[in-house]
Amino acid sequence: MRNLTTIRPKLRQNMAFQLKDRGLLFTGDGKYFLLKGSSATRWFAAFGAYLDGTHTLEELCRGMNPTVSAMIVKCTHELIQQGILKNAPPEDPAPLAKEIYQYFRSQVEFIDHYADTPQQRFKAFRESHILLVGSGEALIALGHSLLNNGLRDLLLAPTDTMHGYAERLTSAVDNLRQHGMEASLSLLDASSNSFDAHLDTCDIVVYCSDNGYLAEIFELNQRCLARHIKFLPAYTFNEQAFIGPFVNPAITGPCWFCGQIRLAANSDADDARMLWQTLALKDAFHFKESAVSYPVTSMLGNGLGFELFKALTDIIPAEDKNTVVVRNIETLTSKRELLVKHPLCPVCSSIKPDAYIQKLLDFVAGAHDHPTTSKDLLESSARLMDSSFGLFGAFQDDGIEQIPLRCTKLSMSTSIFAQETHQEITTYSLENVQEARYAALLEAVCHYSMALPDARSMLLMTREELHESGKQTIAPEALFSWSGIHMNAQEKPLRWLPAFSLFSKSICYVPASAAYPYSELNSQGSFEKTLAGFAVGSTFRDVQINGILSALTSLHVGELLRMQSAVIELTQKELPPPDPDLTFLLKTIRRFPQTFTLLEVVHSSPVHIIIVYTKEDPEKVLVTLGYGLSGGAALKMALHGMVARLQAQQTDEKAVLLWTDTFLLPEPALCSTFMRDHTASSRLKEPTATLEELESYLRAHVSDVLFANLTPSDIREEMQLISGTILLTRSATASF
C-alpha cells in the first residue's frame, strides 16, 4: 500500500468504460483496453464515479481486503500507463477562488486533459492582457468567446465604428457579473496616440476581422515582432478564412508574412497578384463585409478564441504548433496546415555574410551530414507538402501507368522556371513508387534551392574593392560555365557569393550569377543556364561526388559537341556483366518498336558517360544520357532514362521530364553526327572509380574546384538535406 496517498486517480476526459464479458472495457481517443477480473471490475463499476482526482487511492480502497487492494493498485498503475487514468495531485495552494473554479470548471477540466496544473494555467489565461484589434462580426464573436471562457479584462481596439462593439459585448460582461464573476470591457481607438502605449503592456495582440485589410495585419506583425510581443491573426481572403500562425518572438518560428509568401507561391498568378496588390493598395482591394456570411464570421471569431485559449494556457499539441487553420468560406470545410519559416522573409529571417560562411564551413566539415533512407526522408517531408502553405505540392500516383517503371508526379510551388507556375516533376523508378517519389522530392529540392538566392549572404562590390578588402575572387571568365556573351567590367559592382575551394581549403568569392544561373542575378546571360554541377544529398560527400560527376559530364559533352572528342558505338560484347536491374532495362527497351544506339563518350577522366538515342525520324529522335563512377551505373542511368521517356510517350505525349540531368543532353539531331573512334577501347568494364581519383584528375586539368552552398534554411532544418553546386575554374592547360 506504499505511496497510495500520492495517487489521485482520474479518468481522462475522452475516456469511458462499460461492463463487457465479465470485464471492464475502456474506450476513447482510439484506445481500447479490456480489464479482466471480477474483483477489479466490481470495484471500478462501483467507484468509477469517484475517479475524478478528488480522492486518493488509499481512500477509495479503505476497508477492502489487502489482496483486493493490492490488485486494485496494480490495475490502477496499469491504466495510468495506458493513458486511461491519470494521477491528478491537487494544486497547493489553489490558484483559483472556489467560486471561479466552479463557474469555469469545464474550461479547467479541458486544460487538465492535456496538461498538469490546470488551475494555474487557467489563471494565467484569465489574467492575460490581450489587445483585440479588428472589425466586424468576427471580432464580436471573438470577444464573446473570450469572456465566456474566462478572460477577466477585455480590451478592444476596433478599426471601424460601425458595429456598436460596446453595446453588443456589455451583455456578456453583465451576465458574468450577475454570477459573481469579475469582468470588464474597455475600448481603445486604434488610431489614437495611446495605442502604442497599450501595445507595450500587452501579453499578446490579436487581429480578427471579416472585412479588414491585409496591410493592417502586416503592420501589426512588424510592430509586434519589433516589440517582442506575441501575435495571432485571423482574417478572410479570396474565399478562405485563416487563423494563425501564432507568432511568438521568443521562439524561432514563422511570422504572418512568411505565410503570405508561401500562400502566394502556391497560388495561381491571378490570386498571387491579388494578394500582393491587397497588401500594397489596401483601399483599392478592400473585401466587403457582405461577401462573408454570418456563420463564417462566427466560426472565425470562435475558432480564434479557441486557438488563443490553447496558446495562453500552453496546451497546444506539438503537431499543432506553427500551423494555420484554413476554412473554405463556401463549404465550411477546414484543415490545419503546417507553416515553415520562409528563408527569404524580410520581416523575421536574417542572415549575415559571416554567418553564411560559417555555415558553409560546417557543411564542408560534415557537421550537417544526416545519412537517411528514402523512406525516412519521405516521412519527414510529408508535412511540408501542402496546397496552401507547403514547400511542395502533393504526389500524384493514381491514374498513372506503372508499367514497366513505377511513376509519380510532384507539383512544385517554387521553380527555377519563374514564368511558369505549378510545374510538375515526373520521375520513374525501377523498384517502387517510394523510390520514384524520393527522386521527385530531390528534384523539387533542386528547383526550390536554385530559385531562392539570398542577397543578404552576398557582397555587392567591385572586384577591386574585394581585392582591397583582402578577399580572393574568381573572375567570371575563369569559370567553365561562363557563356562569353557578356564581360563584366572591372569597375561594375557585382553580387559575390562565398564558395569553398576543395583544393586550397579556403574561402573565395564567385559571381553569384554563376551559382544561380536561372535567377535574375544572371539576367545578362553571363553564365550558361544549366544545372550541371548542382547536387542534393544528405551528406556533403554525396553532394561533392554527384556535383563533380555532373560538372565533368557537362564539360565532356561540350567537347563532343565541339568535335574535340569522339564516341564508341557499343555492341553486346562491350557491355559490363549484367545485374538484375541492367538485365531488366535491356529486356524492356527491346520491347519497344524503336531501335536504339548506345554510345560511350571517349575521354580521359574517371567519369563514365553513355548516350542512348533512337534511330528514327530526326523530328522524333529521343536521347538520354547517363554518367557515373562505373560503366554499369552510367549505362543503367541512360537506359533508365530512355525507358522512362518511352513510357511517358506511350501514356501521355505531353509528359515533361524535368530531370536535372536532361540539361546535360546534346541535341537529338546531333547524335548521329558525332565522330566515331574505331580504335578506342570501351572502359565500361573498368573498376568503379573513387572520389580520390576524381580529385586527382581535376588537380591535373582544372585550376580549382569550388563548392557553393545553396541550401535554404528551411530545407536544412526541416529535411536535413544539403544542396549546392560545384564550379570548376580554368587552368592554363585546360583542354576542355
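Predicted model: local features only at pLDDT ≥ 70, side-chain atom pairs only at ≥ 80, totals over all residues.
## A cut-off to start with

A residue counts as buried under 20% relative accessible area, as exposed over 50%, and as partly exposed in between. R437 has a relative accessible area of 28%, so it is partly exposed.

## The chain as a whole

Let's begin with the overall picture. The chain has 736 residues, and 53% of them count as buried. Its secondary structure comprises 23 helices and 26 strands. Along the principal axes, the C-alpha atoms fill a box of roughly 100 × 70 × 50 Å.

## Strand β25, covered on both faces

Strand β25 spans residues 704-709, and it is worth a visit in your viewer. 6 of its 6 residues are buried, so the strand is largely enclosed by the rest of the structure. In a regular strand, side chains alternate between the two faces of the sheet. Which residues of β25 lie on each side? D704, L706 and A708 are on one side, while V705, F707 and N709 are on the other, and all of them are buried.

β25 also has strand partners. Strand β18 (residues 494-501) runs antiparallel to β25 and is joined to it by 2 bridges; here F500 stands opposite F707. Strand β26 (residues 722-729) is antiparallel to β25 as well, with 6 bridges between them. In that pairing, V705 stands opposite L728 of β26.

## Salt bridges across the sequence

Side chains of opposite charge can pair when their charged atoms come close. The count for this model comes to 22 salt bridges, and a few of them are worth a look one by one.

Take R437 again: its salt bridge is with D397, and the closest N and O atoms are 2.4 Å apart. R437 lies in helix α16 (residues 433-450), whereas D397 sits in the loop between β14 (392-396) and β15 (406-412), so this pair ties together parts that are 40 residues apart in sequence. D397 has 16% relative accessibility and therefore counts as buried, while R437, at 28%, is partly exposed.

E307 and R336 form another salt bridge, with 2.8 Å between the closest N and O atoms. Because E307 belongs to helix α13 (residues 294-312) and R336 to strand β13 (residues 334-338), the pair ties together parts that are 29 residues apart in sequence. Is E307 buried or exposed? At 13% relative accessibility, E307 counts as buried; R336, with a relative accessible area of 32%, is partly exposed.

## A pair and a network

The side chains of K123 and E127 also meet in a salt bridge, at 3.2 Å from N to O.

K10, K86, R105, E109 and D112 are linked in a network of them.

Which helix holds N221? N221 is found in helix α10 (residues 214-227), and it is buried, with a relative accessible area of 0%. Leaving aside neighbours within four places in sequence, N221 is in contact with F231, V247, C255, W256, F257 and V347.

Q260 is found in helix α11 (residues 256-266). With a relative accessible area of 1%, Q260 is buried. Not counting residues up to four places away in sequence, Q260 touches Y235, L275 and W276.

Our last stop is C671, in the loop between α21 (631-651) and α22 (691-701). C671 is buried, with a relative accessible area of 0%. Where does K615 come in? K615 is 56 residues from C671 along the chain, and the C-alpha atoms of the two are separated by 9.8 Å.

Notes: Residues numbered from 1 in each chain as written. Heavy atoms only, no water. Helix = DSSP H or I, 4+ residues; strand = E, 2+ residues; numbered from the N terminus. Buried < 20%, exposed > 50% of the residue type's maximum accessible area, 1.4 Å probe, protein only. Contact = heavy atoms within 4.5 Å. Pairing = 2+ DSSP bridges. Salt bridge = Lys/Arg side-chain N within 4 Å of Asp/Glu carboxyl O.
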